[in-house]
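I opened my notebook to look up how this protein is built, and I kept my entries in the order in which I looked.

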Amino acid sequence: EVPSILTSKMGMKHAGVALEAMAAIAKASKIRSLEDFQAAVSKYEAQLRSDDLISHHLNKLYEQMLEANLLKIIFPYSSVEISHVAKLINLPEPQVVNKL
């Protein structure tokens with residue numbers, strides 16, 4: 001949906017860094033990549049974090065993506081090693097423990 005919006009007449013009218021930022025976030029969200037998501041937020045921090053509403057929604061999206069990725073990893077097992085899960089998802093162990 002996002003690529004069609006970006007290439008539409010309205011998207012071309014408002015083309016710029018802000019739309020590039022939103023496209024990067026949408027791409028990371030689509031492929032469910034926390035690393036890509038964090039990279040996009042870091043790269044476009046000025047555009048994304050300056051608006052409180054967008055910043056709030058980015059935080060919620062990140063939490064939902066993190067939860068979904070953790071569930072995907074741990075769901076098939078009856079017990080898991082937290083350090084292994086943290087390595088698989090490339091996050092610090094305390095953050096994984098906090099989310100679980």
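Entry one, the overall order. I followed the elements from the N terminus on and found that they run α-α-α-α-α-α-α-α, which I noted as eight helices and zero strands. I reminded myself that this is a predicted model. I then looked up burial and wrote down that, of the 100 residues of the protein, 25% count as buried. For the contacts in the protein with a separation of 6 or more, I noted that residues 24 or more positions apart account for 46%.

Entry two, a pair of helices. How is the packing of two helices described? Two packed helices are described by the angle between their axes and by the distance between those axes. I looked up helix α3 (residues 17–30) and helix α6 (residues 52–74), and they pack at an angle of about 20° with their axes 11 Å apart.

Sorted by class, the contact of α3 with α6 has five nonpolar residues, one polar residue and no charged residues.

I turned to Ser55, which is found in helix α6. Is Ser55 buried or exposed? Its relative accessible area is 14%, and since buried means under 20%, I recorded Ser55 as buried. Not counting residues up to four places away in sequence, Ser55 touches Leu48 and Arg49, and the side chain of Ser55 makes a polar contact with the side chain of Arg49 at 2.9 Å.

Definitions and conventions:
Residues are numbered from 1 along each chain as its sequence is written. This is a predicted model: local features need pLDDT of at least 70, side-chain atom pairs count only at pLDDT 80 or more; totals for chains, interfaces and linings use all residues. Side-chain values use heavy atoms; hydrogens and water are left out. Axes are lines fitted to C-alpha atoms, for helices over the stretch in contact, and angles run from 0 to 180 degrees between N-to-C directions. Helices (H or I, at least four residues) and strands (E, at least two) are DSSP runs, numbered from the N terminus. Ala, Val, Leu, Ile, Met, Phe, Trp, Tyr, Cys and Pro count as nonpolar, Asp, Glu, Lys and Arg as charged, and the others, Gly among them, as polar. Buried means under 20% relative accessible area, exposed over 50%, partly exposed in between (1.4 Å probe, protein chains only). A polar contact is a pair of N or O atoms within 3.5 Å; within protein, one must be able to donate a hydrogen and the other to accept it, and residues adjacent in sequence count only if both atoms are side-chain atoms. Contact means heavy atoms within 4.5 Å.
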